[in-house]
Amino acid sequence: MEVGQKVPAITLFNTEKQEVSLNQLGTNALLLFFPLAFTSVCTAELCGIRDDIMRYKNLNATVYGISVDSLYTLAKFKEEQGLNFPLLSDFNKEASRAFDVLYDTFAFGMQGVSKRAAFVIDKEGVVQYAEVCANAGDLPDFAKINQLLEQLKG
């Protein structure tokens, strides 16, 4: 997905077993693709969002974490880390393929793991920001993301 593209009709399950359609979020949204629950960088990234969630609420933006983990794994991860925003399971890799954020081969020879990436989607479902991290240890540029969300807030 690139800036200016409309998000395709993809529906994922959240940890409460409810469907979430990425093209019908209805608010400005930050989609954070991450490789795997319970790994150090992913935990640090998502806990940082947890600790700063009021910033996103004040910007009228909803944050969604997305990984190829099962919704059961994500539910346990969310509970253990006290995450206060939805996690979505892309177990079938539909969203990761559509957003072009799948590793061919990740650590330990694992295939089909999402890259760390961030996408800002506006209320109309159009991509306004796209960043795919070159290295799984890198984090998205949250300063740029927050600045854009501030602009979209109005």
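Student: What makes up the lining of the largest pocket, by nonpolar, polar and charged residues?

Tutor: Five nonpolar, four polar and four charged. Ala, Val, Leu, Ile, Met, Phe, Trp, Tyr, Cys and Pro count as nonpolar, Asp, Glu, Lys and Arg as charged, and the others, Gly among them, as polar. Bear in mind that this is a predicted model: local features need pLDDT of at least 70 and side-chain atom pairs 80 or more, while totals for chains, interfaces and linings use all residues. Side-chain values use heavy atoms, without hydrogens and water, and numbering starts from 1 along each chain as its sequence is written.

Student: What makes a set of grid points a pocket?

Tutor: On a 1 Å grid over the protein atoms alone, a pocket is an open set with protein on both sides within 12 Å along at least five of seven lines, and its lining residues have an atom within 4 Å of a point. The largest one here has a volume of about 210 Å³, counted as the space filled by probe spheres set on the points, which are joined across faces, edges and corners. Of its 13 lining residues, Leu12, Phe13, Ser89, Phe91 and Asn92 are the closest to the centre. Strand β1 gives the largest share, three residues. Strands are DSSP runs of E, at least two residues, and helices runs of H or I, at least four, numbered from the N terminus.

Student: Why is Cys42 called buried?

Tutor: Buried means under 20% relative accessible area, exposed over 50%, and partly exposed in between, with a 1.4 Å probe and protein chains only. Cys42 has 1%, so it is buried. Cys47, at 11%, is buried as well, whereas Arg50, at 23%, is partly exposed.

Student: What puts the buried residues of α3 on the same side?

Tutor: They are Leu71, Leu74, Phe77 and Lys78. The arc, taken from the directions from the helix axis to the C-beta atoms, is only 120 degrees, so they share one side of α3. Tyr72 and Glu79 are exposed on the other side.

Student: What makes Gln81 a contact of Arg50?

Tutor: Contact means heavy atoms within 4.5 Å. Leaving aside neighbours within four places in sequence, Arg50 is in contact with Gln81, Gly82, Leu83, Asn84 and Phe85.

Terms used
1 Å grid on protein atoms, 1.4 Å probe; cavity = no way out; pocket = protein on both sides within 12 Å on 5 of 7 lines; lining within 4 Å.
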